[in-house]
Amino acid sequence: MYRSLDPVLNTPVRLAVVSALIPLKQAGFSHLLEVTGTTQGNLSQQIRKLQEAGYIEIIKEYQNNYPHTLCKLTPEGKRAFERYVKDIKKYLHL
């Protein structure tokens, strides 16, 4: 039986963000911008949606007097990603 894929993770940028955070646990906005190859505006919208879903925590701080945004994967985000990978493997018969 196929379960529907998580609509929060079933978009390329959000999936790329969570995939990047799985091994790192947390990453800066600029790193995620580089990994996803998207625009700043789009990345801001996508990480906000991940935050609203409880999948990431956004931490705003200053480094050397410059604003710095840090994204941290939550336990719920990790579980959602693992569930998503398990579900997509079923679709792909892996």
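Which side chains meet in a salt bridge at 3.2 Å, N to O? The tour returns to this question at its third stop. The structure on display is a predicted model.

**First stop: the annotated domain**

Select residues 13-92. UniProt, in an unreviewed entry, places the feature "domain: Winged helix DNA-binding" over this range. Within residues 13-92 the chain is 64% helix and 24% strand.

Next, display the strands as a cartoon. Three strands make up an open sheet, arranged in the order β1-β3-β2 with antiparallel pairing. Select β1 (26-28) and β2 (56-63): these strands stand at the edges, and each has a single partner strand, so one side of each is left without a neighbour in the sheet. Viewed from one strand to the next, the twist averages 25°.

As background to the pairing, strands of a sheet are held together through backbone hydrogen bonds, in either a parallel or an antiparallel manner.

The antiparallel pairing of β2 with β3 extends over eight bridges.

Move on to helix α4 (residues 75-92) and show the side chains. A search of the whole structure finds four salt bridges, and several of the residues involved can be inspected here. In general, side chains of opposite charge can pair when their charged atoms come close.

Begin with Arg79 and Glu76, which answer the opening question: their side chains meet in a salt bridge with an N to O distance of 3.2 Å. Arg79 and Glu76 are three residues apart in helix α4, and so about one helical turn separates them. Arg79 is partly exposed, at a relative accessible area of 44%, and Glu76 is also partly exposed, at 30%.

Arg83 has a relative accessibility of 34% and counts as partly exposed.

Then select Lys78 and Glu82, a further salt bridge, in which the closest N and O atoms are 4.0 Å apart. Lys78 and Glu82 are four residues apart in helix α4, and thus about one helical turn separates them. Lys78 is partly exposed, with 35% relative accessible area, and Glu82 is likewise partly exposed, at 43%. With these residues in view, select Glu76, Arg79 and Arg83 together: salt bridges that share partners join them into one network.

Finally, go back towards the start of the chain. Where does Leu5 lie? Leu5 is found in the segment before α1 (12-24).

Is Leu5 buried or exposed? Its relative accessibility is 19%, and Leu5 therefore counts as buried. To see its surroundings, select Asn10, Tyr84, Asp87, Ile88 and Tyr91, with which Leu5 is in contact once neighbours within four places in sequence are left aside. Draw a C-alpha to C-alpha distance from Leu5 to Asp87: the two residues are 82 residues apart in sequence and 6.7 Å apart in space.

Notes: Residues are numbered from 1 along each chain as its sequence is written. This is a predicted model: local features need pLDDT of at least 70, side-chain atom pairs count only at pLDDT 80 or more; totals for chains, interfaces and linings use all residues. Side-chain values use heavy atoms; hydrogens and water are left out. UniProt positions are given in the numbering used here, feature names are shortened, and annotations may be inferred rather than shown by experiment. Helices (H or I, at least four residues) and strands (E, at least two) are DSSP runs, numbered from the N terminus. Two strands pair if DSSP finds at least two bridges between them. Axes are lines fitted to C-alpha atoms, for helices over the stretch in contact, and angles run from 0 to 180 degrees between N-to-C directions. Buried means under 20% relative accessible area, exposed over 50%, partly exposed in between (1.4 Å probe, protein chains only). Contact means heavy atoms within 4.5 Å.
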